[in-house]
Amino acid sequence: MTAVMEPTAGRTEPRTAAATEAREVIASLTNITKRYSNGVVALDNLSLDLRRGEIVAVLGPNGAGKSTAVKLLLGLSSPTAGTVRIFGADPRDPAARARTGAMLQVGRAPEMLRVREHIAMFRSYYPNPMPYADIVQAAGLEGIETRMFGQLSGGQKQRTFFALALAGNPDIIFLDEPTVGLDIEARRGLWAQIRGLAASGKTVLLTTHYLEEADALAHRIIVINGGRVVCQGTPAEVKSMGATSHNSTTTASTATVRTIRCQTSIAVETLRGLPGVIEANLVAGHATVVSDRPEAALREMLALDTTLTSLEVAAPALEDAFLALTANHS
Amino acid sequence: MSTAALNLPAAPATGLARSLSIFATETRYEFIRALRTRTFSLSVIGFPVMFYCLFGLMMNRDATVNGHQVAKIMLGSYAVFGVVGAALFGIGVGVAADLSAGWLELKRASPMPPLAYLLAKCCTAIAFGVIIVSILSLLGITGGHVQLSLADYLRMLGLTIAGCVPFACMGLALGLVVPFNSAPGVTNLLYLPMSFLGGLWVPLSILPKAIQKIAPAMPTFHLGQLMLGIFDRTAANPRGYADPAHSVLSHWLGLASFTCIMLGIAAIAFNRREQNA
């Protein structure tokens, strides 16, 4: 069960911004504004790029514009202003569609077709489809290929939709909330598949509400709120930005912010003077210190107080960063 | 990597051959799907068969109206009734269901040409129409003393195929305009009166004059008359069982203008959806 226990196992690429920026841009939204006929502005001068071989997670509260951005990239909707490009072409161009796969939030697929018939139908649309056996294996559909879609469980239906997204052996794949309804083993299995796709040079755009998923998978996270990009970067960078965004007096933006918790007798003023400290609190001997130079701060704390106990050093949680980023700008 | 399973043959590379291959695959699966959906297939085939057996074979056996054999009149009328039902319920309710489920959005995001889906549904409706006409013909010949030549039967099939198109367009318009929840109800509210007023249930000649006057406004009337015009054509009576007061051309024009109106409605509804998308 090691695959289940270690969410980051198998991720071999260094997930730094520099590693991905060097690659070519294969899809882009440029200065996109999308206004619906009822006046709602879903996207407001938003720009984002997708590069070859990267996994990009788009996060945002409900109504932020994530689904609208995905629909624009798939050519299911046209922008009020701005341009959308996939492989240098309009996303509605069949040549672009032939290299794109999508897993959308579909309520119901035809229930009286078998799983293998669904896959065969989608494979027929593409000029170079993935071999049938590979699709079945990648989506974990062995054993249920002859079952009617209507007889599948929720998780099996999700895996079938994933198979349809893979059917054309696409170069770019859009996954809209792909692991909803999957149990933990299936979710980790899907994560492994997504990492495999990126490792073979494909690009994955993923929208999700499971921040753990974005944290575990993405090379780059884009946080959208109110139709605008609020911040983007590697998961570590976004967590740091979130931890520091509520404190306007700091300019720290490195990826090394850590929260240090311990039982100590050091005075709170001393704690605030430690290297790189952004914030420090002391409640009944229990200290919480947020610092962007945690090793230096820790060395000093350990030197100052040899009776320090219950030490905990934690990276900022993506949940907290996300809430901080989206609260500030809503 | 397991490659034990036989890979499905790769699609042909050229444009036209690939398009045809996609159309064929799509049509095959739409037909299989419709056939397996028992609520659809049994009722679309069952109702015309049931009505014909009841009103044409059991109740009015050997009756005639204006010298025309009732069992044969009803064979033509219920064949049209069945084809129209297959088109409206297969395409109208089908498109509304697929649209509301978000399934059509997934297909649109794929390289499938949108026409493939529509043609597949149309061909499925035609296939059901052919099945209905064949069953009714068999019942009429064996149970109703109906004389039907092979040429007449083939003409009926040809008219089934051509006559499905106007109602397929109506189904498309319905599917794009009516929300999924009310689609079956609205379809029935249009289908049943339209069939009755077009003379598909009871021969028009025995209906009140007022109804006979408005019949030409019904596309079901035009298709029904074209179907009846196939039967018992002689040199002296080239219009067969149809009313000679209306020409064949007038019926085709009626169906053509109905088709244009329905396509117009469908286009407007589609554009409105696109703008709101």
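Does Asn31(A) count as buried or exposed, and how many C-beta neighbours does Asn31(A) have inside 10 Å? The model here is a predicted one. Asn31(A) has 12 such neighbours, so it counts as exposed.

**A hairpin in chain A**

Asn31(A) belongs to strand 1 of chain A, which covers residues 25–35. Strand 2 of chain A covers residues 41–51 and holds Asn45(A). The two strands run antiparallel, and seven bridges join them. Within this pairing, Ser28(A) stands opposite Asp49(A) of strand 2.

Look at the backbone angles next. Most residues other than glycine have a negative phi. Asn31(A) has a positive phi of about 50 degrees, although it is not a glycine. Asn45(A) also has a positive phi, near 50 degrees, and is not a glycine either. Asn45(A) has 14 other C-beta atoms within 10 Å, so it is partly exposed. Five residues lie between the two strands of the hairpin, and in this hairpin Gly39(A) takes a positive phi near 95 degrees.

**Chain A as a whole**

Chain A contains 13 helices and 13 strands. Of its 330 residues, 46% count as buried. Take the contacts in chain A with a separation of 6 or more: 67% of them are between residues 24 or more positions apart.

**Where the chains meet**

The contact between the chains takes 32 residues from chain A and 31 residues from chain B. On the side of chain A that touches chain B, helix 4 (94–97), helix 5 (115–123) and helix 6 (132–139) each supply at least two residues. Helix 5 of chain A gives the most, with five residues. By class, this side of chain A has 21 nonpolar, six polar and five charged residues.

**Nonpolar cores**

How many residues make up the largest nonpolar core? The count is 148. The residues with the most contacts inside this core are Ala57(A), Leu73(A), Val223(A), Ala79(B) and Ala87(B). Helix 3 of chain B, residues 70–101, gives the most to this core, with 18 residues. A second, separate core has 12 residues, including Leu271(A), Leu274(A), Val289(A) and Leu298(A).

Leaving out residues up to four places away in sequence, Ala87(B) touches Ala125(B), Cys164(B), Phe167(B), Ala168(B) and Gly171(B).

| Helix of chain B | Residues | Length | End-to-end C-alpha distance | Expected span |
|---|---|---|---|---|
| Helix 6 | 150–177 | 28 residues | 41 Å | 40 Å |

Helix 6 reaches a span close to the one expected at 1.5 Å a residue. Helix 6 of chain B also bends, by about 30 degrees at Val165(B). A proline, Pro166(B), follows within four residues.

Which residues of helix 10 are buried? They are His251(B), Gly254(B), Leu255(B), Phe258(B), Met262(B) and Ala266(B). What covers these buried residues includes helix 6 and helix 9 (219–228) of chain B.

Definitions and conventions. Residues are numbered from 1 along each chain as its sequence is written. Chains are lettered from A and ligands numbered from 1 in the order in which they are written. This is a predicted model: local features need pLDDT of at least 70, side-chain atom pairs count only at pLDDT 80 or more; totals for chains, interfaces and linings use all residues. The expected span of a helix is 1.5 Å times one less than its number of residues. The bend at a residue is the angle between axes fitted to the seven residues ending there and the seven starting there. Two residues are in contact if their C-beta atoms, placed from the backbone, lie within 7 Å. Ala, Val, Leu, Ile, Met, Phe, Trp, Tyr, Cys and Pro count as nonpolar, Asp, Glu, Lys and Arg as charged, and the others, Gly among them, as polar. A nonpolar core is a set of buried Ala, Val, Leu, Ile, Met, Phe, Trp, Tyr and Cys residues joined through C-beta atoms within 7 Å. A residue is buried if 20 or more other C-beta atoms lie within 10 Å of its own, exposed if 12 or fewer, and partly exposed in between; C-beta atoms are placed from the backbone. Two strands pair if DSSP finds at least two bridges between them.
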